[in-house]
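Below is a short briefing on one helix and on the aromatic rings of a protein model. Please look at the sequence and structure first.

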Amino acid sequence: MISVAFSQQQMEYFLLVLVRISAFFVVVPFFNDNNVPVRIKVILSVFVSYLVYSLMPKDVVLEYQNVYEFAALIFKESAVGLLLGYSAFICSMIIQFSGRVIDMEIGLAMMQMFDPSTRTQSGVTGMFYHYMIMMLLIASNMHIYLLNAIVDSFQLVPIGQMKINLSMYSTVVQFLSDYFIIGFRIVLPIFAVTLILNCILGIMAKVSPQMNMFAVGMQLKVLAGLFVLFVTVSLLPVISSMIFTEMKEMVANMMRGMT
C-alpha cells in the first residue's frame, strides 16, 4: 500500500514554492500566451513546483506568528515570480515597439489586427515579428533558460528572504535605454529606405510639380517597406540574439537585486 504523509509545515512550504512558480508562468514569455491552455499552465506549475520542492532541504522552518505574516510570505513569493517573469516579458515587448515604428514608417499604422495570444490590438509587422521571435525562443532553448532561472532563484533568493535593493532602480533605467537602442536598431533598415525614398520624392516634387507625389509616395512606401521586410527576414536570428541577450541580463540583474 502506498502511504503519503506530510506535515503542515511541509504543505505550507510547498504552497510558497507553488506561488512563486505560478506567478512566474503568468507573465513569462511564451508560457503566458493565451493560446496555451490554462490546464497546461496549472499542471506545469504543479509539476515544476514538486520537482523543485523535492530537491530542496526539508528542515527549513518558516518564521511567522500569525496568518498576516504568512500572507506577507505569499506576497513576497508572488512578487519574486512576477518580477522575474516580467523582466523577461518586457524584453520581448521590444519587438512590438519596433513593429509599431515600422508600421508608421511604411504606412500600415492604421491597419490593426486582434492578437489572440495577448488579446490586444497589434500591428501586422509587430505580430509577424512576435511570432517569429517566439519560434526562435523555442528553437534556441531560451525557454529552458527561463525555467532554469526560476529554479535557481530558490538558491539565490530563499523562501521568505526577498529584499529590494537600490540596484533594481539602475537596472530598470539601463533597460529603458537598451529598449530604445535595440528597438531602433531593428527599425534602422526600414528607416533608412524610407528616408531615401522621401528625399527622392521631394526632389521629384520640385522637378515635376504637376505630379501628385502624396498619392504616389504612399504606394511606394508600402512596396519599399514590404520589400525591405522580405530582404531582412534573414536577420531575425540576429534580432532574436539581441533580445535574448538583453533578456538574460535583465533576469540576472533583477534576481541579483532581490538578494
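The points below cover a helix, one of its residues, the aromatic pairs and the charges over rings.

This is a predicted model, in which local features need pLDDT of at least 70 and side-chain atom pairs count only at pLDDT 80 or more, while totals for chains, interfaces and linings use all residues. Residues are numbered from 1 along each chain as its sequence is written, and side-chain values use heavy atoms, with hydrogens and water left out.

**Helix H4**

- Helices are DSSP runs of H or I with at least four residues, numbered from the N terminus.
- H4 covers residues 94-106. Its 13 residues should span 18 Å at 1.5 Å a residue, and the end C-alpha atoms are 19 Å apart, which agrees. The expected span is 1.5 Å times one less than the number of residues.
- Of the 13 residues in H4, 10 are buried. Buried means under 20% relative accessible area, exposed means over 50%, and partly exposed lies in between (1.4 Å probe, protein chains only).
- Among the buried residues of H4 are Ile 94, Phe 97, Ser 98, Asp 103 and Ile 106.
- Gly 107 follows H4 and has a positive phi, near 90 degrees.

**Ser 98**

- Ser 98 is part of helix H4. Its relative accessible area is 0%, so Ser 98 counts as buried.
- Leaving aside residues up to four places away in sequence, Ser 98 touches Gly 183, Ile 186 and Val 187. Contact here means heavy atoms within 4.5 Å.

**Aromatic pairs**

- Rings of Phe, Tyr and Trp (its six-membered ring) pair if their centres lie within 6.5 Å; planes under 30 degrees apart count as stacked, over 60 as edge-to-face and the rest as tilted.
- The count by this rule is 12 aromatic pairs.
- Phe 30 and Phe 31 have ring centres 5.4 Å apart and planes at 75 degrees, so they form an edge-to-face pair. Phe 30 is partly exposed at 29% relative accessible area, whereas Phe 31 is buried at 10%.
- The rings of Tyr 179 and Phe 180 are also edge-to-face, because their planes stand at 85 degrees, with centres 5.4 Å apart. Tyr 179 is buried at 17% relative accessibility, and Phe 180 is partly exposed at 43%.
- One aromatic cluster is formed by Phe 97, Phe 175, Tyr 179, Phe 180 and Phe 184.

**Charges over rings**

- A charge sits over a ring if NZ of Lys or CZ of Arg is within 6 Å of the ring centre and within 35 degrees of the ring normal.
- Arg 20 lies over the face of Phe 154, 4.3 Å from the ring centre.
- The charged end of Lys 248 is over the ring of Tyr 145, at 5.4 Å from its centre.

Key. Helices (H or I, at least four residues) and strands (E, at least two) are DSSP runs, numbered from the N terminus.
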